[in-house]
Amino acid sequence: MLQVTLANLRAHKRRLLATSAAVLLGVAFLVGVLVQTTSLQAGFDRLFRAESADIDLVVRSDRVIEADDETFRGRVPASVLDAVRATPGVAAAEADIRGTAVILDRDGDEVGTPGPPRLGLTWIDDPDLSPYRIESGRAPAGPDEVVIDVASADAAGLAIGDRTSVLTPDPVAVEVVGTATFAGEDSQGGVTAALFSPEGARQHLAGGADEVDRIVVAAEPDADVAALERSIRAELPEGAEVIDRATFEAENQDQVAGLLNALRPILLSFALIALVVAAFSIYNAFSILVAQRTRESAMLRALGATRGQTLRAVLVEALIVGFGSAALGTVAGLGVAAGLRALLGAFDLDVGGPLQLGLGTIVVGLGVGTLITVLCALGPAVRASRTAPIAALRDVSVDRTGAGRVRSGIGLAMAALGVALIGWGVADTSLARSGLGAGLAIIAVAVLAPALARPVGGVLGAPLRLRGVTGDLARTNAVRNPRRTAATSTALMIGVAVVALFTVFASSLQAGLDRFADESFGGDLVVSAGSGFGDLDTDVAREVAALPEVDAAAGLGYAPLDIGGRQIFVSASDLAVAGRIVDVGMVEGDLADVQGPSMAVAEGVARDEGWTIGSTVPWRSVAGTSGEVVVRGIYDNEEIAGDALMSTSFLEDEGVDVRDGSVIVDLADGVSLDQGRRALETALDDRAGVVVRDRQEYLDLFAAQVQQVLVLVYGMLALSIVIALIGIANTLSLSTIERTHELGLLRAVGQSRGQTRAMVRWESVLIAVLGTVLGLVAGLGAAWALIASAGPDSLLVFATPTGALAVVAVLGGLAGVVASLRPAARAARLDPLAAIAAT
Amino acid sequence: MPTTAAPTSAPTPTPTPSIAAQVRSATKVYGHGDTAVHALRGVDLDVATGRFLAVMGPSGSGKSTLMHCLAGLDQLTSGEVRIGDVELGSLRERDLTRLRRDRIGFVFQAFNLIPTLTARENIELPSRLAGDRPDPAWVDAIVSTVGLGDRLGHRPAELSGGQQQRVAVARALATRPDLVFADEPTGNLDSRSGTEILRFLRTAADELGQTVVMVTHDPVAATHAHEAVILADGRIVDHVGSPTVDDVLARLAALGG
Ligand SMILES: Nc1ncnc2c1ncn2[C@@H]1O[C@H](COP(=O)(O)OP(=O)(O)OP(=O)(O)O)[C@@H](O)[C@H]1O
Ligand SMILES: [Mg+2]
């Protein structure tokens with residue numbers, strides 16, 4: 001039997017090629033994802049280990065606030081440095097003042113993206129205490145000199161001696177006196193660094209205070225570090241702590257672990273989609289191959305082969321094909337990983353370093369590829385083994401399997417259950433329930449696909465009537481094996497459904513943002529950092545508010561604060577005027593009353609904490625300040641105001657560092673938008689990197705962000721779509737082989753080559769359009785279900801991007817044309833004589 | 001037999017109106033050198049319009065090859081074939097296809113029909129490939145002549161072998177071709193069904209003026225033809241008018257001897 005299997009493999013090399021292509025691509029994507037995440041992990045590990053240089057101990061503040069997974073830490077007095085240095089056993093100690101610092105390039109545009117941090121740091125010369133080394137130029141000496149990382153210098157086109165600005169967020173005019181590498185690389189994985197002299201850091205990063213973020217310590221070579229840690233701890237003032245190298249490294253790595261843990265499942269789910277699509281293609285290919293060999297299987301059975309032998313023959317074939325393709329796929333995975341790296345690199349999610357193809361990855365790639373192929377071949381193999389020996393003697397009709405009542409029944413039941421779950425989920429806004437329902441409904445569509453293929457194909461194929469008999473033949477060919485057509489189009493359906501889902505999500509998010517802006521956003525103009533996502537100094541709001549052209553201006557700021565034990569970002573603004581521009585939806589109290597030691601809180605937070613108007617709540621900041629505030633208002637628009645609202649000037653008076661994300665400006669009566677914009681631009685001329693936008697321009701920034709993510713998603717889905725198309729091409733090729741006689745006859749009785757090509761092409765288009773339409777319906781339905789059950793308070797407003805979906809539909813049809821190119825050409829090349837003669 | 005007073009269709013005037021197809025010095029060689037097979041070694045043949053011609057001969061004598069070359073399905077190595085006034089050797093693939101579609105009808109031994117089309121659709125296929133609607137009166141006439149009246153809506157799988165061949169014959173006649181070629185049209189049929197098909201082909205020639213060329217092994221089949229040519233080893237070795245079974249058997253036997 002093995003001989004028969006091997007002979008089959010040899011004889012049907014071409015037919016198996018497309019099957020292997022599906023396995024190969026699916027495995028390649030999986031391996032690519034694994035390689036890329038492992039490499040990313042390794043890269044981050046390397047970079048963050050490097051950050052510890054040869055530091056033995058770190059002294060820092062123990063005042064911490066963790067808001068939204070971000071850790072904010074206070075500073076320690078600069079004088080601690082002297083105490084540390086004086087401790088016996090300390091070889092060297094340096095102070096590091098750190099803050100955000102956005103470097104501007106020569107055109108005044110921001111370097112880097114809001115992705116990785118953009119840091120202002122203190123230059124430390126001692127190589128034991130800092131991973132930064134001068135690459136060219138010299139270390140910063142004066143307070144307005146900086147060294148920047150090589151990557152930023154390249155990106156910004158800045159050379160030594162150039163002058164530019166660094167936003168801290170106040171624009172600081174600096175001269176670039178040098179460039180530096182981080183642990184031998186151009187940057188710390190996309191982190192932009194502006195390194196100031198200690199005095200420069202004090203002035204620009206610490207706001208002139210004699211405070212530092214950390215003191216990094218190297219012990220004497222022979223010192224007992226644990227003992228040294230104890231003696232330093234004894235010297236430290238209240239509010240300072242000392243940690244060892246291990247703790248420091250672990251904390252640094254934790255920072256990226258979160259990012260990777262979020263990224264890995266997302267990437268893996270795209271790989272999963274690719275594998276599911278591949279599975280459909282593989283299953284289909286084996287079904288057709290087995291059907292075409294019915295006569296041969298029957299003959300083998302007639303000659304005495306047992307069922308088990310027939311079954312094993314197919315499975316061994318699958319095993320060989322699966323393993324071979326998986327092996328190739330694993331190698332190709334390195335290419336995919338490189339592609340993913342480029343794609344993620346566009347989002348600054350790349351840290352360089354070699355690609356890591358571990359043994360585990362290889363095992364997973366080979367195992368998954370082989371297993372999927374064998375599992376997909378199992379059904380067809382069982383069918384082959386059931387071939388009655390008598391079939392060898394009959395003129396067996398090939399693969400006439402219909403839809404199957406049981407299958408349709410199961411499909412309908414699943415669809416009903418899915419719809420019911422969605423209804424329930426929408427009714428009580430349970431995302432989990434309608435998510436499950438939507439998933440079930442999509443599977444139901446796949447299960448029902450064979451039953452749907454004929455009627456839906458008939459409707460979609462109706463326009464083909466216009467193409468005369470060629471169109472008729474294409475239409476009937478497309479639906480003559482409903483199960484085959486269904487499996488082929490289902491592969492595409494899944495890809496398209498996910499595309500549609502994300503497209504609808506993006507447009508719904510867009511619609512939600514627009515609604516949000518309309519309802520809660522009264523301003524004419526918005527002042528913000530160039531990218532829209534940086535910080536502004538709170539003085540910007542004050543300067544703008546003072547302009548005669550401006551009626552009211554409110555900075556929308558934030559500060560990490562501990563309020564009654566809740567560690568949150570408190571929203572901060574000039575609440576006397578903010579209420580005129582922004583609608584926070586006051587439920588109780590008056591926003592204008594929230595001045596001094598008082599706050600307004602979100603309804604949900606008030607309920608959770610049992611706070612009411614008049615409640616007194618303690619607060620503390622990382623700056624070490626603390627006190628009590630009185631609740632004077634309760635609001636319900638958490639999207640814009642967050643958990644709690646306090647007055648910017650009160651917080652700043654208490655030493656809390658408030659950063660404005662944007663300033664919303666309402667122009668005075670009679671001032672046109674253009675006049676207002678010019679006035680603001682003139683007033684803010686000295687503030688590099690600050691941009692004035694009108695409402696729409698500002699909203700477009702978010703739209704662009706959403707689109708960018710959408711592009712990433714499309715990129716991830718591209719491979720799945722390609723696999724589905726290969727599946728269509730494969731099915732067509734196999735069908736063409738199967739219909740050799742027919743094609744020959746058609747050519748003999750006068751079908752032209754062009755007509756033959758058109759016939760195959762239209763069949764392909766019909767299958768592709770069927771998959772696309774089912775996918776669009778499924779994707780739209782799922783998106784609606786999820787958005788509807790997210791509830792009216794969510795930022796999503798269901799919106800169908802008709803244009804984008806129409807593009808998807810047209811592309812689906814065109815994809816059908818592309819998939820048909822080779823099979824159609826082959827069908828047209830068939831020599832009618834040979835085709836008729838072949839028996 | 002119900003007949004329609006249908007005239008012989010002759011869309012283009014031919015130089016010798018009584019000749020539907022003409023073969024001159026036809027040779028056909030498959031392969032090269034040592035392995036070359038000389039399937040035709042200089043065949044001359046005139047097929048008169050309105051005649052039913054049987055081509056006979058031992059297996060491998062070149063019958064099918066001759067027919068394929070006559071029908072524009074294959075190219076001669078040398079010599080020429082004319083259908084009416086058209087020399088096939090000068091035609092490009094596209095024109096050959098059109099010629100087959102418009103001027104030639106085919107009946108093969110098996111696999112004559114497209115399984116997804118009904119009997120009527122199969123019959124109308126060549127016209128519809130040309131983008132025409134076949135003349136319904138003509139189709140009805142053929143259909144009733146072949147005796148398929150109530151089976152037209154069925155697909156080939158639902159028809160008996162004899163019925164399938166009748167559909168194939170009806171299709172071959174539907175475009176009123178200059179020539180109908182049939183390669184062993186009764187090879188897969190029992191003798192009764194076979195006889196029906198053969199009678200029908202003869203009727204088509206006698207009453208509709210249809211020219212028919214049929215390749216067959218079967219001396220009984222050949223008796224339905226107006227005349228028979230006998231091929232041996234790539235040459236026409238004999239010519240029999242109004243063949244009888246004995247006649248044909250004797251001449252075939254003579255080849256063996
Ligand atoms: N495509 C081909 N390649 C090579 N040789 C061929 C080819 N087709 C036919 N032949 C050879 O040409 C010769 C004539 O073949 P042809 O099919 O015309 O015979 P035939 O008279 O129709 O035989 P039969 O009665 O068995 O159908 C045979 O020797 C055959 O082997
Ligand atoms: Mg023959």
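Tutor: Start with the area that the two partners lose on being put together: between chain B and chain A about 2100 Å² is buried, and carbon and sulfur atoms give 69% of that area. Please keep in mind throughout that this is a predicted model.

Student: Which residues of chain B lose the most area to chain A?

Tutor: They are Phe111(B), Thr116(B) and Leu129(B), which together make up 30% of what the chain B side buries. In terms of contacts, 21 residues of chain B meet 24 residues of chain A.

Student: How many salt bridges are counted between chain B and chain A, and which side chains meet?

Tutor: The count is 1 salt bridge, and it pairs the side chain of Arg128(B) with that of Asp472(A), at 3.1 Å from N to O. Polar contacts are a separate count, and between chain B and chain A there are 4 residue pairs of this kind, with both residues at pLDDT 80 or more.

Student: Which helices of chain B supply residues to the side that touches chain A?

Tutor: Helix H2 (93-103) and helix H3 (119-129) of chain B each supply at least two residues of that side. Sorted by class, the side of chain B that touches chain A holds 11 nonpolar, 4 polar and 6 charged residues.

Student: How much area do domain 1 and domain 3 of chain A bury between them?

Tutor: About 2700 Å² is buried between these two domains of chain A, with 73% of it on carbon and sulfur atoms. On the domain 1 side, Phe270(A), Val277(A) and Phe347(A) lose the most area to domain 3, together 21% of what that side buries. Across this interface of chain A the rule finds 0 salt bridges, while 4 residue pairs, both at pLDDT 80 or more, are in polar contact between domain 1 and domain 3.

Student: For a ligand, I would list the surrounding residues and then look for polar atom pairs. Which residues are around ligand 1?

Tutor: Among them are Tyr30(B), Val37(B), Pro58(B), Thr65(B) and His217(B). As for distances to oxygen atoms of ligand 1, a polar side-chain atom of Ser59(B) lies at 2.5 Å, an N or O atom in the side chain of Lys63(B) at 2.7 Å, and a polar backbone atom of Gly60(B) at 2.8 Å.

Student: Finally, backbone geometry: where is the cis peptide bond?

Tutor: It joins Thr168(A) and Pro169(A), with omega about 0°, and Pro169(A) is found in the loop between strand E11 (163-167) and strand E12 (171-182) of chain A. In chain B, Ser25(B) has a positive phi of about 45° although it is not a glycine, and Ser25(B) is found in strand E1 (residues 19-30).

How values were computed:
Residues numbered from 1 in each chain as written. Chains lettered and ligands numbered in written order. Predicted model: local features only at pLDDT ≥ 70, side-chain atom pairs only at ≥ 80, totals over all residues. Heavy atoms only, no water. Buried area = accessible area lost by both parts, 1.4 Å probe. Salt bridge = Lys/Arg side-chain N within 4 Å of Asp/Glu carboxyl O. Polar contact = N/O pair within 3.5 Å; in protein donor to acceptor, adjacent residues only side chain to side chain. Contact = heavy atoms within 4.5 Å. Helix = DSSP H or I, 4+ residues; strand = E, 2+ residues; numbered from the N terminus. Nonpolar A, V, L, I, M, F, W, Y, C, P; charged D, E, K, R; others polar. Near = heavy atom within 4 Å.
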